[in-house]
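Colleague: I'm new to this one. Can you put it on screen and walk me through it?

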Amino acid sequence: MHVLTVDHIAKSYGEKVLFQDVSFGVETGDKIGIIGVNGTGKSTFLQVVAGIEPPDAGSILVAGGTTVRMLSQDPRFDPEETVLEHVLGGDSAQMQAVRAYTDALRQLELNPGDAALQERLVRANQRMDELDAWSIESDAKIALTKLGILNFDAKLGVLSGGQRKRAAMAAALIQPADVLLLDEPTNHIDNESVAWLEGMLQKRKGALLMITHDRYFLDRVTNRTLELDKGRAYFYSANYSRFLELKLEREEREAASESKRQNLLRNELAWMRRGAQARSTKQQARIQRFESLSAAGPDRAAGKLEMSVASSRLGKKILEIEGLRKSFEGRDVIANFSYIAVPEDRVGIVGRNGLGKSTLLKLIAGKLAPDAGTVDLGPTVKLGVFSQEREEMDETLRAIDYIREIAEQVMTGDGSTITAGQMLERFLFPPAQQWTPIAKLSGGEKRRLQLLRVLMEAPNVLLLDEPTNDLDILTLTVLEDYLDDFPGVVFTVSHDRYFLDRTAERIFAFEGNGVIEQHVGNFTDYQAYAAAHGVRSSAAGEGVSADRKAAAPASTAKAEASQEPAKPTKMTYNEQKEFDTIDADIERAETALQKVQERMEASASDSGLLQELLAEQAQLETKLEELMDRWAYLNELAEQIAANKKK
């Protein structure tokens, strides 16, 4: 049974059609991910479904007794309300009971002998029992803690925008709702909080519709995907990975259909050119057929976002950090940190919110002065800074004028020159939109415009602070491809695990108390290392540590080398037994994984079974990864033993 039904809805702003004729039903247990290029109307779509914005056509039908709750990108708040009051401020019977009990208890503490207040507390206690509401306040505090808010009595008015968003998210998760709508829930939260939120939503029993650019998050939480593209909606009974496969199949079918249409059109055109006379019914029918084939062309394909701006030449000396220290209010955020950048460095910076990740980028950029130590940039370094703190934009400017402030034309990676207007087209700003005032662009389109402006300056060292916030998946995909070929150095602060896996080759992990550990590899490598060593880290949610040897000074490394254990002469009995069977174990795991994937393809329309298979797939992938790690260790051990015997 549908708890919510969307019936032929449409929405436009002026001449721009955001979406039209969209219909679908939402059932309990549906977890729907909404994706699309910035500016296609995803946030507006969610607001229409929530009843906040009226549709231009169609209707939203909500089943009787169904509660719909939405977390917007910019939630409203009372500045005088405390964090806990906000989270417990819903209008459900349970929330009202919690507030009534809390208030009665507070009043009785002030007037301990008041019989009326004692009776009131008894009634409130009974109501809490009836509604099974005793765990709500503790659940709220757990949610706030997991989202990085520890002061429950803080006034919302003194919190940052990101902290208020996290408080609003805790409220959305704690307050009962049959249908929960989330707009970019992973923005402004760190990796540990993202992992916790992912687990919460996986276990949640109600329906979920959410917009997010976090591809790992989409893949692990959703069982349906809704894509908004040029005013149309496409539905897939699949998570993000399967959606990519199904979308590719759809586009291949459309391409085949278009190829067939063009062949027919060529034949009809040849007939028309031979001098067809519209005198007979048969000839007139062929002319109409030609006209209908001509009119049946495909929609304009989504623009391909190309980032081929050339970078400036970079010399041998890039960045040298020596003994860097920075503290705020007596608390170290960076303590005695040193690093020398090398050509084509790709550094991902992770850690809990508030530990100093953005501070490090500001120190490198010269926007903050260190308390001690030095940051020395090479003479040829040209910085490009893309900050999470939205740059002030003159919103009366047109998009093309905003870019022309940097350059009228720019040299591309292949040595050619293109104009600002052509570059805007590559960034999915068609000519008509280029003359639109910035004020009329969506938040994501503004961020894309800011990114273009940074790259138009041809930097050779990029400092990216939470670049995945507010950018759509298409933009992120092409940014990742751009960074693959970027000849300079990149430092990225991000909570997006997929983006870090794609772009980082070294991790700086902020561990607290000013400690920054270094680890070679991407974010998944970093997590695997920590899990294998059983060390918990503040930077990644599941027991993550950094490779401390990567940051060790030479003297320490020599001391450790002198204490290395004796080289092995043979395997233990258990190692030899494992070595003899591990190839077969890997083959069995690969076969089991392949069978699960085949079942997933055959069960794309069964969301319940698909979720079970996704969980089984995750377990098998983890097992296979462990086996491969063990295989690598045992083979390396066997090679060492063989080498020792030769000596």
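Colleague: How many contacts beyond four places in sequence does the model have for residues 537-565?
Modeller: It has 55 for residues 537-565, and pLDDT stays under 50 there. Contact means heavy atoms within 4.5 Å. pLDDT is the predictor's confidence in each residue, from 0 to 100. Where it is low, the predicted coordinates should not be read in detail.

Colleague: What ground rules apply here?
Modeller: This is a predicted model, where local features need pLDDT of at least 70, side-chain atom pairs count only at pLDDT 80 or more, and totals for chains, interfaces and linings use all residues. Residues are numbered from 1 along each chain as its sequence is written, and side-chain values use heavy atoms, leaving out hydrogens and water.

Colleague: What is the mean pLDDT of the protein?
Modeller: The mean is 81. Of the residues, 85% reach 70 or more. Residues 300-305 have pLDDT below 50. That stretch has 13 contacts in the model beyond near neighbours in sequence.

Colleague: Sheets next. What is the strand order in the open sheet of three strands?
Modeller: The order is β2-β1-β4, with antiparallel pairing. Strands (E, at least two residues) and helices (H or I, at least four) are DSSP runs, numbered from the N terminus. Two strands pair if DSSP finds at least two bridges between them. The edges are β2 (16-27) and β4 (57-62), each pairing on one side only.

Colleague: How many bridges join β1 and β2?
Modeller: Eight bridges, in the antiparallel sense, with β1 covering residues 2-13. V6 has F24 in β2 as its bridge partner.

Colleague: And the sheet of six strands, what order is that in?
Modeller: It runs β5-β6-β7-β3-β8-β9, an open sheet with mixed pairing. β5 (68-71) and β9 (232-236) are the edge strands, and each pairs on one side only. Neighbouring strands in this sheet are turned by 15 degrees on average, direction ignored.

Colleague: In which sense do β6 and β7 pair, parallel or antiparallel?
Modeller: Parallel, over five bridges. β6 spans residues 179-183 and β7 spans 207-211. L182 is bridged to M210 in β7.

Colleague: Which strands does α1 lie across?
Modeller: α1 (residues 42-50) lies across β3 (31-35), β5, β6, β7 and β8 (224-229). It runs at about 155 degrees to β6. Axes are lines fitted to C-alpha atoms, for helices over the stretch in contact, and angles run from 0 to 180 degrees between N-to-C directions. α6 lies across β5 and β6, at about 165 degrees to β5.

Colleague: On to helix pairs. At what angle do α3 and α4 pack?
Modeller: About 150 degrees, with the axes 9 Å apart. α3 covers residues 93-110 and α4 covers 115-131. That makes α3 roughly antiparallel to α4. The cut-offs: under 35 degrees is roughly parallel, over 145 roughly antiparallel, 65 to 115 roughly perpendicular, and the rest oblique.

Colleague: What classes of residue make the contact of α3 with α4?
Modeller: 13 nonpolar, four polar and three charged. Ala, Val, Leu, Ile, Met, Phe, Trp, Tyr, Cys and Pro count as nonpolar, Asp, Glu, Lys and Arg as charged, and the others, Gly among them, as polar.

Colleague: What about α5 and α6, at what angle do they pack?
Modeller: α5 (residues 136-146) and α6 (residues 161-174) pack at about 140 degrees, axes 9 Å apart. That makes α5 oblique to α6.

Colleague: Which residues meet there?
Modeller: I136, D139, A140, A143 and L144 in α5 meet A167, A170 and I174 in α6. Seven are nonpolar, none polar and one charged.
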